[in-house]
Amino acid sequence: MNTTLKIIGNISSTIKTRKDAPKQGNEGGVEAVVEINEEYRESMDGLNVGNEILLFTWLHEADRNCQKVHPRGKESRPKRGVFSTRSPDRPNPIGLHPVTITEINGCKIKVRPMEAIDGTPLVDIKINQR
C-alpha cells in the first residue's frame with residue numbers, strides 16, 4: 001500500500017496569514033493562482049476557463065493535535081469535535097475549496113473565490129460535477 005502524499009503544486013494568494021483568511025471562499029475569498037508543478041502538466045488536460053473545480057490542499061499551518069474547537073472560532077459556542085466542523089485544525093488537515101477557473105496560462109490556473117493562504121500546498125484537483 002502506497003500512502004505517500006504527493007504535492008502537485010501550491011497556491012499563490014494575497015492572503016498571507018490564517019488570521020486574514022475568510023472561513024470559506026464565498027465569505028470574502030480572493031482570486032488566486034494555482035501553480036501546478038511542471039511534472040503534472042498533462043494532468044491539466046480537459047480543464048477549461050469557467051469550469052467549477054474542487055481543490056484539495058494540505059493546510060500546512062494547522063494544529064494536527066487538535067480534536068475539539070469552538071465552531072467558526074466563536075468561543076460563545078460550545079466546543080465540538082473537529083470532524084463535525086470545517087476547522088483547518090484536525091489530524092489530517094486536508095482543505096476542500098470549490099472554485100471557478102477564470103484563466104489558464106501554462107501551469108498556472110487563476111481561480112476564485114479562494115480562502116487559502118499564500119504558499120498552501122496543493123494535493124489534488126477534481127472537476128466539480130453536480
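**Entry 1: pocket.** I began with the second largest pocket. Its lining consists of Ile 8, Ile 36, Tyr 40, Ser 43, Met 44, Leu 47, Asp 124, Ile 125, Lys 126 and Ile 127. My grid covers the protein atoms alone at 1 Å; a pocket is an open set of points where a 1.4 Å probe fits, with protein on both sides within 12 Å along at least five of seven lines, and lining residues have an atom within 4 Å of a point. The space in this pocket is about 160 Å³, counted as the space filled by probe spheres set on points joined across faces, edges and corners. Strand E8, residues 121–127, gives the most to this lining, with four residues. I sorted the lining by type: seven nonpolar, one polar and two charged. Here Ala, Val, Leu, Ile, Met, Phe, Trp, Tyr, Cys and Pro are nonpolar, Asp, Glu, Lys and Arg are charged, and the others, Gly among them, are polar.

**Entry 2: ground rules.** This is a predicted model, in which local features need pLDDT of at least 70 and side-chain atom pairs pLDDT 80 or more, while totals for chains, interfaces and linings use all residues. Residues are numbered from 1 along each chain as its sequence is written, and side-chain values use heavy atoms, with hydrogens and water left out.

**Entry 3: fold.** I found eight strands and zero helices. Strands (E, at least two residues) and helices (H or I, at least four) are DSSP runs, numbered from the N terminus. The radius of gyration is 15 Å, close to the 14 Å of the globule rule for 130 residues, so the protein is as compact as a globular protein of that length. That radius is taken over C-alpha atoms, and the rule is 2.2 Å times the number of residues to the power 0.38. Along the principal axes, the C-alpha atoms fill a box of roughly 45 × 40 × 30 Å. Of the contacts with a separation of 6 or more, 74% join residues 24 or more positions apart. Contact means heavy atoms within 4.5 Å.

**Entry 4: core.** Of the 130 residues, 37% count as buried. I use under 20% relative accessible area for buried, over 50% for exposed and partly exposed in between, with a 1.4 Å probe and protein chains only. Which residues have the most contacts inside the largest nonpolar core? They are Ile 36, Leu 55, Ile 109 and Val 111, in a core of 19 residues. E2, E3, E6, E7 and E8 each supply at least two residues of this core. A nonpolar core is a set of buried Ala, Val, Leu, Ile, Met, Phe, Trp, Tyr and Cys residues joined through side-chain atoms within 4.5 Å. Beyond four places in sequence, Ile 36 touches Ile 8, Gly 9, Met 44, Cys 107, Ile 109, Leu 122 and Ile 125.

**Entry 5: single residues.** Lys 68 sits in strand E4. Lys 68 is exposed at 51% relative accessibility. Beyond four places in sequence, its contacts are Lys 79, Arg 80, Gly 81 and Val 82.

Gly 50 is in the loop between E2 and E3. Gly 50 is partly exposed at 47%.

Last, I checked a peptide bond. Arg 112 to Pro 113 is cis, with omega near -5°. Pro 113 is in strand E7. Most peptide bonds are trans.
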